[in-house]
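Please keep the sequence and the structure open beside them.

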Amino acid sequence: MLVSEILAIKGKVLYTIAPNKSLAEAVEIMTEQDVGSLVVFSHGQMVGMLTFREVLRAVHKGGTGWGKMAIEEAMLSGPVAASPNMEMDELRRLMVEHRQRYLPVMDGTTLLGVVSFHDVAKAVLEEQSFENRMLKNYIRNWPQEPGEQE
């Protein structure tokens with residue numbers, strides 16, 4: 001399965017934020033939209049990712065003033081990105097190696113979406129379910145050899 005197929009299953013809704021916005025604004029968006037990450041864009045270019053992990057680190061570091069902290073102070077700069085034609089196994093390897101639960105999917109400089117570890121797990125389950133149905137159907141309709149009795 002390709003990353004583009006995972007995006008097709010998931011949908012391509014994107015949530016972005018500017019690096020000069022506050023963490024409080026980011027948390028509000030993440031909570032309202034029920035998402036675990038925001039892609040940080042500046043002047044039409046992706047410059048980072050903000051996930052709940054970076055928010056928690058900022059809360060720990062910033063104390064009571066964490067909400068006023070700028071996104072650019074907390075974001076993951078230059079996150080590893082996936083390409084739409086990447087195989088799912090390579091995507092999983094990247095996520096594990098770089099400890100990123102969310103990967104932006106880029107086609108050159110164009111952001112196509114964000115794939116989460118949850119999206120990958122869901123795609124694996126759907127792929128396995130499809131294969132199981134196909135195998136069961138094949139077994140049920142097993143062709144008889146000439147001269148065989150049922």
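**Notes on the predicted model**

1. Confidence. This is a predicted model, and the protein averages a pLDDT of 87, with 92% of the residues scoring at least 70. Among the elements of the protein, helix α2 has the highest mean pLDDT, at 96, whereas helix α6, which spans residues 117-140, has the lowest, at 75.

2. Helix α3. In this helix, which runs over residues 52-62, the buried residues are R53, E54, V55 and A58. An α-helix has 3.6 residues a turn, so residues three or four places apart point the same way. The cover over the buried residues of α3 includes α2 (23-33) and β3 (45-51), and also α4 (71-74) and β4 (76-77).

3. The residue after α3. Just after this helix comes G63, whose phi is positive, at about 60°.

4. D34. Although D34 is not a glycine, its phi is positive, at about 55°, and the residue is placed in the loop between α2 and β2, the latter covering residues 37-42. Is D34 buried or exposed? D34 counts as exposed because its relative accessibility is 70%, and the cut-off for exposed is over 50%.

5. R99. A positive phi of about 55° is also found at R99, again in a residue that is not a glycine. R99 lies in the loop that links α5 (88-97) and β5 (102-107), and with a relative accessible area of 58% R99 is exposed.

Terms used: Residues numbered from 1 in each chain as written. Predicted model: local features only at pLDDT ≥ 70, side-chain atom pairs only at ≥ 80, totals over all residues. Heavy atoms only, no water. Buried < 20%, exposed > 50% of the residue type's maximum accessible area, 1.4 Å probe, protein only. Helix = DSSP H or I, 4+ residues; strand = E, 2+ residues; numbered from the N terminus. Contact = heavy atoms within 4.5 Å. pLDDT = per-residue confidence, 0-100.
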